[in-house]
Amino acid sequence: MVGMLCRFIRWYQRAISARRQFRVCRFMPSCSQYMLEALQRFGLKGLLLGCWRILRCQPFCRGGYDPVPNHFTFRRQ
């Protein structure tokens with residue numbers, strides 16, 4: 001399951017995200033890269049972290065540098 005999600009995210013990064021003319025994500029690393037790292041580090045729990053990050057990626061959020069946490073948590077560091 002995690003492997004399929006990782007392959008889908010890599011496909012998205014190559015096929016869709018790379019063809020955009022301007023940067024869309026307000027976070028660093030991008031939301032897709034964050035999701036990929038979270039899945040690799042935490043397995044299916046990483047899916048929850050990635051979805052939480054995507055929900056925060058909107059105009060009213062400050063954005064900026066937000067790496068994947070070392071321990072599974074929803075708190076900001």
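This report looks at helix packing and ring contacts in a predicted model.

## How the helices pack

Two packed helices are described by the angle between their axes and the distance between the axes. Start with helix H1, which spans residues 2–15, and its partner H2. Their axes lie 10 Å apart, at an angle of about 160°. Angles over 145 degrees count as roughly antiparallel, so H1 and H2 are roughly antiparallel to each other. Their crossing is left-handed. On the H1 side, the contact is made by Val 2, Leu 5, Cys 6, Ile 9, Arg 10, Tyr 12 and Gln 13. On the H2 side, the residues are Ser 32, Gln 33, Met 35, Leu 36, Leu 39 and Gln 40.

Now turn to H2 and H3. Their angle is also about 160°, but here the axes are 6 Å apart. H2 is therefore roughly antiparallel to H3. The crossing of H2 and H3 is right-handed. H2 brings Cys 31, Tyr 34, Met 35, Ala 38, Leu 39 and Phe 42 to this contact. Among the H3 residues they meet are Leu 44, Lys 45, Gly 46 and Arg 53.

## A pair of rings

The whole structure holds two aromatic pairs. One of them joins Phe 42 and Phe 72. The ring centres are 6.0 Å apart, and the planes stand at 70°. Planes over 60 degrees apart count as edge-to-face, so this pair is edge-to-face.

Where do Phe 42 and Phe 72 lie? Phe 42 is in helix H2, residues 31–42. Phe 72 is in the segment after strand E2, residues 64–65. The pair therefore ties together parts that are 30 residues apart in sequence.

Phe 72, at 31%, counts as partly exposed. Phe 72 also has a charged neighbour: Lys 45 lies over the face of its ring, 5.4 Å from the ring centre.

Arg 53 belongs to helix H3, residues 44–56. Its relative accessibility is 0%, so Arg 53 counts as buried.

Which ring does the charged end of Arg 53 sit over? It is the ring of Tyr 34, with the charged end 4.4 Å from the ring's centre. Tyr 34 is also one of the H2 residues that meet H3. Leaving aside neighbours within four places in sequence, Arg 53 is in contact with Phe 27, Met 28, Pro 29, Ser 30, Cys 31, Tyr 34 and Asp 66.

Key:
Residues are numbered from 1 along each chain as its sequence is written. This is a predicted model: local features need pLDDT of at least 70, side-chain atom pairs count only at pLDDT 80 or more; totals for chains, interfaces and linings use all residues. Side-chain values use heavy atoms; hydrogens and water are left out. Rings of Phe, Tyr and Trp (its six-membered ring) pair if their centres lie within 6.5 Å; planes under 30 degrees apart count as stacked, over 60 as edge-to-face and the rest as tilted. Helices (H or I, at least four residues) and strands (E, at least two) are DSSP runs, numbered from the N terminus. Buried means under 20% relative accessible area, exposed over 50%, partly exposed in between (1.4 Å probe, protein chains only). A charge sits over a ring if NZ of Lys or CZ of Arg is within 6 Å of the ring centre and within 35 degrees of the ring normal. Axes are lines fitted to C-alpha atoms, for helices over the stretch in contact, and angles run from 0 to 180 degrees between N-to-C directions. Angles under 35 degrees count as roughly parallel, over 145 as roughly antiparallel, 65 to 115 as roughly perpendicular and the rest as oblique. A crossing is left-handed if the near helix is turned anticlockwise from the far one by less than a right angle, and right-handed if clockwise. Contact means heavy atoms within 4.5 Å.
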